[in-house]
Amino acid sequence: MIEIRGLTKRYGDVTAVDGLSFDVRPGVVTGFLGPNGAGKTSTMRMILGLDRPTSGSATIGGRRYADLPTPLREVGALLDAHAVHPYRSAGKHLLALARGNGIGRRRVDEVLGLVGLADVAGRRPGGFSLGMKQRLGIAAALLGDPGVVLLDEPVNGLDPEGIRWIRSLTRDLASEGRTVLLSSHLMSEMALTADHLVVVGRGRLLADTGLDAFVRSAARETVVVRTPGARPLAALLEEAGATVRPGAGDELLVTGVSGATVGDVAGAHGIVLHELTPQRASLEEAYLELTGGSADFASAGARPATPAETQATTASMTTSGAAR
Amino acid sequence: MTAYDVLRSEWGKFHSIRATLGCLAGALAATAAYGYLFGLADARRYLAGSAADRAAFDPTDTGFRALVLAGVLVSAVGVLAVTSEYASGTMPVSVAAVPRRGLLLGGKAAVVAVVTLVAGPPMALVSFTLSQLSLAARNVPSAGLGDPGVLGAVAGAGLFTGLVGLYGVALGFLLRRSAGAVSLGTFLLILPGMASLFPDAMAEWIVVWWPSAAGARVFAVHPGSGGLAPLVGIGVLAATVLALLCVAAAVFRARDV
């Protein structure tokens, strides 16, 4: 169990993490999601005691990371797969880390086998592919058989085989009752791996929710209606509290009421419907809607937004998203 | 996590990369080469000198000059043991494995200190032997290992190189960049060699009190009237290095990795 409370980190004028509070629970994969620059890595670095919080705290089972007697036995982390000395062999790299936490050579061989690097233990990581470096980084994270595993963007740059491997590995780790926090800026990846989502943007918490609830709350359902009586139906639906916009041709795009309500209203007034299609926004859309305006380097309107503006952007993206 | 665990971990890191070992081998080669060359140079100076110069000539002075120059490479061993972690990005990994940063710094420092301390006497032995051979080959008075004080100076070389190695560790933690730390480390070590560029009063002070000059007094077999007593000199170097290490530890603990 990781507990983040009011965590804040400022680097000079830049606030990387801004009053973040959430828990990461055991037994599930928690996806830590946000655009690049949202503060995910800074948060993980503070959990690991690498960066000092400006204020707030991050604890593991109630203790600060630095107070853990043998940290690798309790927390395993992969922050940067490239963080290996190019000339120190994979096995020696792991052994040096293991020694510091009183972990023996046998466990080093074990984790090398676990990640499929047993054959290259004596080779220098300088010549490793990114996928092999990721595996080496994960081997390091698993050295102490830890109850808490943090992986920062573990699928970045991996081939499909490697991505699938990470997916099943993280699911397995969670099903063994471990606490797994997995960061990514890709919603599609999280949708396949995570059970629970913590979404951040500009260092602030945007959502802390189950995967399904996230989609339901973040994306409003749009009902596409085709009818010869578009004009009267639109008026009736608006009376019923819906927002109606014209779509392509004789389509109406209805938000704010369910598909059933649209059908009921039409039936009660004898209006013929040719089509009634409830559409749920995709995960990707839900995510973009939530983080819209909080991306550090958004392609449009590159000027930093205030929180109020961020909300305004989110609201406008809701409507433009629905008008698709 | 015990200090012993951390020492084993740091020893594993130290001996598994080539740059540091290469520097150490280079330091030994440099003492051999410079030892021989200082012998040649001093022989020429002796043969060209006046009777008074000849009377004042002390062959044991020639014997250990190479150690001060080779110190540049010894300090680089200390620097690289630290900066290789920053350069390859493994420092966060190391700190995550050993979050007690004072212990981590202490482990690195201890490994470097032991290695450079052990390397010192063989370097001194090589330098002394080759320099005296090159003096003797030109029929210039030379000293032997058995002469009073010589073995003491050979043993003292370990103190000198060990402290210089630790000095490199401190600079590595303070500057975090190999090039910067090695350049600054070299400049500060050989500053006494440039003392003549400074005003007289300052030059005198530098030659006597500058830590690298003071530490080199440990090689003085016949400490004359000039300069500090060998143990006082090495004490000045030790105090300076200890102070630098304390500053490095404070900075390392306070800074984000």
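A:Arg202 lies in the loop between strand 8 (196-201) and strand 9 (204-210) of chain A, where strands (E, at least two residues) and helices (H or I, at least four) are DSSP runs numbered from the N terminus. This is a predicted model, in which local features need pLDDT of at least 70 and side-chain atom pairs count only at pLDDT 80 or more, while totals for chains, interfaces and linings use all residues. Residues are numbered from 1 along each chain as its sequence is written, chains are lettered from A and ligands numbered from 1 in the order in which they are written, and side-chain values use heavy atoms, with hydrogens and water left out.

- Most residues other than glycine have a negative phi.
- A:Arg202, although not a glycine, has a positive phi of about 50°.
- With a relative accessible area of 23%, A:Arg202 is partly exposed; the term covers values between buried (under 20%) and exposed (over 50%), using a 1.4 Å probe and protein chains only.
- B:Asn139 also has a positive phi, near 55°, and belongs to the loop between helix 7 and helix 8 of chain B.
- The relative accessible area of B:Asn139 is 71%, so this residue is exposed.

**Domains of chain A**

- Chain A is divided into domain 1 (2-209) and domain 2 (220-279), with bounds that come from an automatic or database domain assignment.
- Taken over C-alpha atoms, the centres of these two domains of chain A are 48 Å apart.

**Where the chains meet**

- At this interface, 29 residues of chain A are in contact with 26 residues of chain B, contact meaning heavy atoms within 4.5 Å.
- The two chains bury about 2300 Å² between them, 55% of it on carbon and sulfur atoms; this is the accessible area (1.4 Å probe) that two parts lose on being put together, summed over both.
- The rule finds 1 salt bridge across the interface, defined as a side-chain nitrogen of Lys or Arg within 4 Å of a carboxyl oxygen of Asp or Glu.
- A:Lys9 and B:Asp256 form a salt bridge through their side chains, at 2.7 Å from N to O.
- B:Arg18 has its charged end over the ring of A:Tyr87, 4.7 Å from the ring centre; a charge counts as over a ring if NZ of Lys or CZ of Arg is within 6 Å of the ring centre and within 35 degrees of the ring normal.

**Aromatic rings**

- There are 8 aromatic pairs over all chains; rings of Phe, Tyr and Trp (its six-membered ring) pair if their centres lie within 6.5 Å, and planes under 30 degrees apart count as stacked, over 60 as edge-to-face and the rest as tilted.
- B:Phe64 and B:Phe219 are stacked, because their ring centres are 5.5 Å apart and their planes are at 15°.
- This pair links distant parts of the chain, 155 residues apart: B:Phe64 is in the loop between helix 4 (59-63) and helix 5 (65-88), and B:Phe219 in the loop between helix 11 (211-215) and helix 12 (230-254) of chain B.
- In chain A, the charged end of A:Arg135 sits over the ring of A:Trp165, 4.4 Å from its centre.

**Around B:Leu135**

- B:Leu135 is found in helix 7 (residues 101-137) of chain B and is buried, at a relative accessible area of 0%.
- Beyond its neighbours within four places in sequence, B:Leu135 has contacts including B:Gly39, B:Phe57 and B:Val140.
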